[in-house]
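Visitor: I would like to learn how to read the features of a structure. Please show me one.

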Amino acid sequence: MDMTAIVLVVAFFALLVLNVPISFSIGIATLIAMLMNIDFTPAVTTIAQRMAGGLDSFALLAIPFFVLSGMIMGRGGIAKRLINCALALIGSLPGGLALVNVVSCMLFGAISGSAVATTSAIGSFMLPEMKKQGYDENFSAAVTAAASTTGMLIPPSNILIVYAIASGGVSIAALFMAGYLPGIMVGLSLMIVCYFHAKRKGYATTERLPLNVVVKQVAAALPSLFLIVLVIGGIVGGIFTATEAGAIAVVYSLVLAVGVYREVQVKQLPDILLKSAETTAIVMLLIGASTAMSWMLSFENIPQNISAFLLDISDNPIMILLLINLLLIVVGAFLDMTPAVLIFTPIFLPVAMQLGMSPLQFGIMIVLNLSIGLCSPPVGAVLFITCAIAKTRLDKIIKPLLPLYGAMFVVLMLVTYVAWFSEALPAVFGL
């Protein structure tokens, strides 16, 4: 690694330690590294051009729409209906409330597309209820944190759109379909851990509800769940693009939240629009800054050097992919998903493709990998939100998180080494 690359890495992590916001850390570190080779004015101009170019993508227009629809859904009473639906279906099983927590996070995460929103919405309902039913509050918090990340894989997912751009044009529709099976597998693996933990601890179960009540609760949740069918069905069927699907999701969410459920009033819409604009601005700034850093890395031939280094370490694909996964897990524990995908996709994707992995499979692998980082200390955003809701400390939920990490890692290994899990559904739909 040459001096420019060392300065880039050192400056970036030094700024992070100083609590400089991640997007500014990326941009400033890139500027410092660039100043080692060119003067200030062309360096700043180049960074500005690369940031603007990174945002000049039609596919990125889908992100503000999905952010807005997710916020409308989050305010529209969707979480409560999904929880009631899950309770009606599986609440009577051993560890029923923990299983309901996982299923609710999967469903709400798929609708909202945000792990943080899922943690807040589902955790606010489920954590007090689980505590009331005798569940350990640290275990409950750990389940919520881990399960909230499943929405990163189950579409519509903003991070899959970001990966499609970072990879150079992988089909968004194919990525959306590829995320379903791994996302469901992660959820099922977490449910298995919850089931055996509840059996061992002897947690109480809820009574089985009458069939008419079950039907009523499921029917109440169906309009919310139809959003997934509408968006994904339209994209896969070629009726509209991912960006158009985001706009349709906003319209449908408004009709549902304002007209059908009546949980959102018209006077609340300006606040929702403002918060969605703030979130979108943060995401876009991250994308722009990360694109500039990615260009700087490519300019210094760092991806090629890392590729050569990894391939020199071993000629065994199993070992190299394992090493990439371990590196990404460490990265995910410190870096937000969006910049991590934009920075490390150009570095590791060429290596993975040389080993016979398709861009589609690698995309699901890196998103699942970074999802584990999303609920890992020291930076995992969902951990701090969960701890705040559960009124517990971060160090207390690490132990109950370990078996959940193990379950997620097993699924990660399956996705890494068995292409079928990522490519089966896209192949069925001709994607």
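Guide: The second largest pocket is lined by 21 residues, and V9, F13, V331, F344 and I347 lie nearest its centre. This is a predicted model, where local features need pLDDT of at least 70 and side-chain atom pairs count only at pLDDT 80 or more, while totals for chains, interfaces and linings use all residues. Residues are numbered from 1 along each chain as its sequence is written, and side-chain values use heavy atoms, leaving out hydrogens and water.

Visitor: How is a pocket found, and what volume does the second largest pocket have?

Guide: Rolling a probe the size of a water molecule over the atoms shows where empty space is left. A pocket is an open set of points, on a 1 Å grid over the protein atoms alone, where a 1.4 Å probe fits, with protein on both sides within 12 Å along at least five of seven lines; lining residues have an atom within 4 Å of a point. Points are joined across faces, edges and corners, and a volume is the space filled by probe spheres set on them. Here the volume is about 570 Å³.

Visitor: Which helix gives the most to the lining of the second largest pocket?

Guide: Helices are DSSP runs (H or I, at least four residues), numbered from the N terminus. The most comes from α1, with five residues.

Visitor: How many residues of that lining are nonpolar, polar and charged?

Guide: Ala, Val, Leu, Ile, Met, Phe, Trp, Tyr, Cys and Pro count as nonpolar, Asp, Glu, Lys and Arg as charged, and the others, Gly among them, as polar. The lining has 21 nonpolar, no polar and no charged residues. For the largest pocket, of about 1,300 Å³, the lining has 28 nonpolar, 14 polar and three charged residues. Helix α4 (residues 62-75) supplies the largest share of that lining, seven residues.

Conventions
Helices (H or I, at least four residues) and strands (E, at least two) are DSSP runs, numbered from the N terminus.
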